[in-house]
Amino acid sequence: MAHSSTKTPAASGHTGLKREVGVVGLLWASVGAIIGSGWLFGAQKAAVAAGPAALVSWGVGAVAIILLALVHAELGGLFPVAGGTARYPHYAFGGFAGMSFGWFTWLQAATIAPIEVQAMINYAQHWSWADGLLNPNLTLTTAGFFVAAALLGVFVAINFLGVRLLAHTNSVATVWKVAVPILAIFALGITEFHGSNFNVHGFAPDGAKGVLAAISTSGVIFALLGFEQAIQWAGESRNPRRDIPRAVLGSVVIGTIIYVMLQVVFIGALPPATFAGGWDKLTYPGISGPFAGLATLIGLGWLATILFIDAIISPAGTGLVYITSSSRVTYGLSRNGYAPPTLQYTTPRHSVPWLGLLIAWIAGVICFLPFPSWQRLVGFITSAVVLMYAGAPLAFGVLRKRLPEMERSYHLPGGTIISPLAFVVASLVIYWSGWDTLWRLGLAILIGYLLLGGYSAYAASTGVPNAPRMDFKAGQWLPVYLVGMGLTSWQGTFGEGAQGNLPLWWDMLVVSVFALAIYYWALAVALPKEEIERNIRGVEVVDAGGH
């Protein structure tokens, strides 16, 4: 699998990535992904689901993300390669697991950008020029479909101008994206704050189930996602071993503080009449744009204007970053042999993987076809992203066990405990997404196996160079995990269609024990040291130097 980057996939193709991004660019890539449409909707959706106990949801969500980010910080410094999150399971478990987690990674990266575009169009209904872009059920009209496709095309066009310009563009957008929520926190908190709002109907009106459901389905985890963007850009980082851990952990801390404070001021600023019938009946004029509508309601028209502008800029910045990541994941999948080598071609001037960008645009346009609401899509993407993240703790455990002598720029203290705990937490977040979300995710996974598995089988049977070895023995635990999580969800209590045979708390005990069993099974059957080293060399020879 080792290549010379000047000859792969063909002598006439350009395949190198330029190392031009510093720690600020990496940090802003992750923060820019975290502060997207999630802040515009998350506080309101979480309050409806859990009441004031939404603060607990944010706390649990932050702990889950921090555990996963700690694991990713060590792996990101250890392997500074483009599209890293798609590659870690490949190192530890070989082709079958690598292909699977590569698909999970691509699936989330390719579908978040269109969600951000749809959020932009939803908020744009405030302006008359956006009339006619949405149907009453909030799906896109024909005109809205073409506007959305054009907006996504703008993101792709900016990416064609190269990662250096993208990093600068994103840094400028992120300064705005971080400043506006902070402004909203101070303005709402100073103007209107009712401490009694936190116990009018009880702190947790829907109990533990409301708190836990909010984590996966109301945008809590979705809002905090994005720290991995610095890892996806690792192949273009100037000093990845030093900068990636800093960017990953720094972005989670910044995002968590902002989101918790937004939830506090949102609940505190609400006039009591808006939720007199209960938190699940929360309503006021303009609630479709929750923060802007609230600002208008309490007499802060100037803030509402800024928020409506931000509702265009903030999701646009996040969508821009995810288009970038989607193309880099496609590039990484091709490097590992799961997709045709032509997907490694880059543009001569800026070394941009152009076919990956075009595929990201096509996938995004498909996502604009009539789908459920923003919130339902958020549940789907949350489970897909956390499933992608779940591969990192498994790879972490294997690499600590098989290759303890490898130099680590960031060595996670207590990693042997944090790693299985992170996998358990990821499995719980997936479970809380609910059966109605997970069966759809299962269908998307099957499509991925048909596409990537079909190409891998073709490559192996025809002798295509770089055809991956599937290593089914090392990945034997994965189908058991996927099916087991699906069956547990079906028998549990979360989501429409769940059978309710596993009562609350018992269901989480089952998921936790099952996840631990899968974790240690995966460690036991992982590839031997020599095979892992071969997989690492096969990728790092390509990416270590860049261009």
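A nonpolar core is a set of buried Ala, Val, Leu, Ile, Met, Phe, Trp, Tyr and Cys residues joined through side-chain atoms within 4.5 Å. In this predicted model, the largest such core has 176 residues, and those with the most contacts inside it are Trp39 and Trp477. The helix that gives the most to this core is α5, with 18 residues.

Leaving aside neighbours within four places in sequence, Trp477 is in contact with Phe93, Ala97, Phe101, Leu394, Ile518, Trp521, Ala522 and Val525.

Helix α5, which spans residues 95-123, also holds Ser100. Ser100 counts as buried because its relative accessibility is 1%, where the cut-off for buried is under 20%. Its side chain is joined to that of Tyr449 by a polar contact of 2.8 Å, and, when residues up to four places away in sequence are not counted, Ser100 touches Tyr449 and Leu478.

The second largest pocket has a volume of about 340 Å³. Of the 16 residues that line this pocket, Leu438, Gly442, Leu482, Val483 and Gly486 are the closest to its centre. Two or more lining residues come from each of α17 (435-462) and α18 (477-491), and α17 provides the largest share, eight residues. The lining is divided by residue class as follows.

| Class in the lining of the second largest pocket | Number of residues |
|---|---|
| Nonpolar | 14 residues |
| Polar | two residues |
| Charged | no residues |

Technical notes: Residues numbered from 1 in each chain as written. Predicted model: local features only at pLDDT ≥ 70, side-chain atom pairs only at ≥ 80, totals over all residues. Heavy atoms only, no water. Helix = DSSP H or I, 4+ residues; strand = E, 2+ residues; numbered from the N terminus. Buried < 20%, exposed > 50% of the residue type's maximum accessible area, 1.4 Å probe, protein only. Polar contact = N/O pair within 3.5 Å; in protein donor to acceptor, adjacent residues only side chain to side chain. Contact = heavy atoms within 4.5 Å. 1 Å grid on protein atoms, 1.4 Å probe; cavity = no way out; pocket = protein on both sides within 12 Å on 5 of 7 lines; lining within 4 Å. Points joined across faces, edges and corners; volume = space filled by probe spheres on them. Nonpolar A, V, L, I, M, F, W, Y, C, P; charged D, E, K, R; others polar.
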